[in-house]
Amino acid sequence: MSGGDKLDFEIRPNPAPVSATDRAALLVNPGFGRVFTDHMVTVRYADGKGWYDARVEARAPIPMDPASAVLHYAQEIFEGLKAYRTADGGVTMFRPDANAARFVASAQRMAMPALPPEVFIDSLHKLIEVDREWIPTGADGSLYLRPFMFASEVFLGVRPANEYLYMVIASPVGAYFSGGVKPVTVWVSPDYTRAAPGGTGAAKCGGNYAASLAAQAEAIEAGCDQVVFLDAVERRFVDELGGMNVFFVYDDDTVVTPPLTGTILPGITRDAVLTLAGAAGHRVEERPVTFADWQADAASGRLREVFACGTAAVITPIGGVRFPDGEFLIGGGEPGRVTMALRQQLVDIQRGKADDPQGWVRRVL
Ligand code: PLP
Ligand code: COI
């Protein structure tokens, strides 16, 4: 069936999967994004034909014509979400419908065809089913799912392509930061911005990440873990990190995060944290925060905690902030109480250890 909201996936098992012994060795300490499963999903799209040729097949290099549009004009989007192993041996995903919806929104911004959410979610189920043995069992382990789509048309003209390839690969992962949940230090970039009004900041497109790399390299150079971007117009307001949203916790029990004005990614973890913080009795505000206030409130002690959040990072405390003129600590560089409580609550819901009143967890197996 093609062009509809449902596709039948053809399953072609990998004839030479990684052996159980080698897989077990790879799963001991997989890090982030270095180890991959035996299979991948591919679905094709052509104008006039719609979505077709949905497959789960052996993970392998994909042949590409050097004139494939994505290699020149970067018409590409992606998603990131995790599958978890539950205590009873089952498998769940966290809010895949939200990722499916964001994938549609990203596609619209990048002038790409919308993948029906049903196909997106089905593709994840199909891949998890064949690669279920790759889901780590440890407390921090999960299977990171990376759906993505790019312009595959062979054409050098600058216009939306008329052929696309949607794929999903999967990677068993541990903690994103090598220190685990230890507080990270962030670098406030003085020169680089990530996204301007009217730009692509709210879309999850590869180009945003390419644009962040020089700033991220600067952060590493300065001994930091991640870059923080300020707004592109006034260079005063805190937008987000290179790959995470940011939250501030004040001494009056207010939990604050910058608003979704189109320049930051609408994080699914961010949305969950807003709900969880509100339910825990904190006053929750989406409002702009200037870097000047961040500094002043850290100095006065009014700002108690700052944390980063995202699928890969879950909730990670930010203990230190550096910028060209100086540096300061948050909460003495130690993880904050509110940060760690929210983290525990989120992780417990994701792993099926706590009630899920919002219905965020989707059972796969
Ligand atoms: N901001 C950016 C730039 C990201 O890359 C991510 C990660 O996906 C996030 C925020 C957090 O989004 P989510 O919580 O949906 O993973
Ligand atoms: C994610 O959290 O899924 C991301 O895409 C962020 C990236 C830094 C890995």
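## Helices α6 and α8

Helix α6 passes helix α8 in a right-handed crossing. (A crossing is right-handed if the near helix is turned clockwise from the far one by less than a right angle, and left-handed if anticlockwise; helices are DSSP runs of H or I with at least four residues, numbered from the N terminus.) On the α6 side, the contact is made by Thr269, Ala272, Val273, Leu276 and Ala277, while α8 brings in Leu342, Gln345, Leu346 and Ile349; contact means heavy atoms within 4.5 Å. Sorted by class, that gives seven nonpolar, two polar and no charged residues. Here Ala, Val, Leu, Ile, Met, Phe, Trp, Tyr, Cys and Pro count as nonpolar, Asp, Glu, Lys and Arg as charged, and the others, Gly among them, as polar.

Residues 268–279 make up α6 and residues 337–350 make up α8; their axes come within 10 Å and cross at roughly 110°. Axes are lines fitted to C-alpha atoms, for helices over the stretch in contact, with angles from 0 to 180 degrees between N-to-C directions. The two helices are therefore roughly perpendicular to each other (65 to 115 degrees; under 35 is roughly parallel, over 145 roughly antiparallel, and the rest oblique).

## What this model is

This is a predicted model, where local features need pLDDT of at least 70 and side-chain atom pairs count only at pLDDT 80 or more, while totals for chains, interfaces and linings use all residues. Residues are numbered from 1 along each chain as its sequence is written, chains are lettered from A and ligands numbered from 1 in the order written, and side-chain values use heavy atoms, leaving out hydrogens and water.

## Helices α3 and α4

Now for another pair: α3 (residues 96–109) and α4 (residues 117–130) pack at about 130°, with axes 9 Å apart. That makes α3 oblique to α4. Pro96, Asp97, Asn99, Ala100, Phe103 and Val104 of α3 meet Pro117, Phe120, Ile121 and Leu124 of α4. This contact has eight nonpolar, one polar and one charged residues.

## Rings and charges

Phe248, Phe291, Trp294, Phe323 and Phe328 form one aromatic cluster. Rings of Phe, Tyr and Trp (its six-membered ring) pair if their centres lie within 6.5 Å, and the count comes to 18 aromatic pairs.

The charged end of Lys49 sits over the ring of Tyr52, 3.8 Å from its centre. For this, NZ of Lys or CZ of Arg must be within 6 Å of the ring centre and within 35 degrees of the ring normal.

Notes: Phe/Tyr/Trp six-rings, centres within 6.5 Å; stacked < 30°, edge-to-face > 60°.
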